[in-house]
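This report covers selected side-chain features of one chain. Please view the sequence and structure below before reading on.

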Amino acid sequence: MSVITSKKTLGILAIAGVEPYQEKPGEEYMGPDQRAHFTNILSAWTTQLREEVDRTVDHMKDEASNFPDPVDRATQEEEFSLELRARDRERRLIKKIAKTMKKIEEDDFGFCESCGIEIGIRRLEARPTADLCIDCKTLAEIKEKQSIG
């Protein structure tokens, strides 16, 4: 009996249908191949989000009923409210993806906006819209927690 092992890609890479980027020896950070890799990921993610928005609109049109029972009506309104909130978050994410795509076009992608160092391929694959390195992001979160509490 043979054991089958397979790499499992999760999240955004799976949506885009791509494998994690394999850097070549001596390859320049955010060279053309890496930028193309992230452009593919972001394009696929945007497409998936837009399709989800379209599905929600269709679903809300199909499900719009005038229930005689106030409890049923309230339940439907709550479901619609939750869906609309989710779509609003997705619209903001689509805008952030567009901003990131613009950074790729301008050769300004992959570097921390705070300290200027390389963010890193793996972090960007996990969160392609990241604009802070892990250290600066951690510091920002600590500062945010301190200002809240």
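## Positive patch

K96 has a relative accessibility of 38% and therefore counts as partly exposed. The model is predicted, and all values here are computed from it. K96 is located in helix 3, which spans residues 70-105.

K96 belongs to a positive surface patch, together with K99, R127 and K137. Patch members must have over 30% relative accessible area and no salt bridge; the 38% of K96 is above that cut-off.

## Aromatic pairs

How many aromatic pairs does a search of the whole structure find? The search gives 2. In the pair formed by Y29 and F111, the ring centres are 5.3 Å apart and the planes stand at 80 degrees, so the geometry is edge-to-face. The angle cut-off for that class is over 60 degrees.

This pair connects distant parts of the chain, its residues being 82 apart. Y29 sits in the loop between helix 1 (11-16) and helix 2 (32-63), while F111 sits in the loop between helix 3 and helix 4 (121-126).

Is each of the two residues buried or partly exposed? Y29 is buried, because its relative accessibility is 12% and the limit for buried is under 20%. F111 has a relative accessible area of 29% and is partly exposed.

## C136 in helix 5

C136 is part of helix 5, residues 134-148. With a relative accessibility of 15%, C136 counts as buried. C136 and I119 are separated by 17 residues in sequence, and their C-alpha atoms are 10.0 Å apart in space.

Key
Residues are numbered from 1 along each chain as its sequence is written. This is a predicted model: local features need pLDDT of at least 70, side-chain atom pairs count only at pLDDT 80 or more; totals for chains, interfaces and linings use all residues. Side-chain values use heavy atoms; hydrogens and water are left out. Patches are made of residues with over 30% relative accessible area and no salt bridge: like charges are joined within 9 Å, nonpolar side chains (Val, Leu, Ile, Met, Phe, Trp, Tyr) within 5 Å. Accessible areas come from the Shrake-Rupley method with a 1.4 Å probe; for residues, only the protein chains shown count as cover. A salt bridge is a side-chain nitrogen of Lys or Arg within 4 Å of a carboxyl oxygen of Asp or Glu. Lys and Arg count as positive and Asp and Glu as negative; His and the chain ends are not counted. The place of a charge is taken as NZ of Lys, CZ of Arg, CG of Asp or CD of Glu. Helices (H or I, at least four residues) and strands (E, at least two) are DSSP runs, numbered from the N terminus. Buried means under 20% relative accessible area, exposed over 50%, partly exposed in between (1.4 Å probe, protein chains only). Rings of Phe, Tyr and Trp (its six-membered ring) pair if their centres lie within 6.5 Å; planes under 30 degrees apart count as stacked, over 60 as edge-to-face and the rest as tilted.
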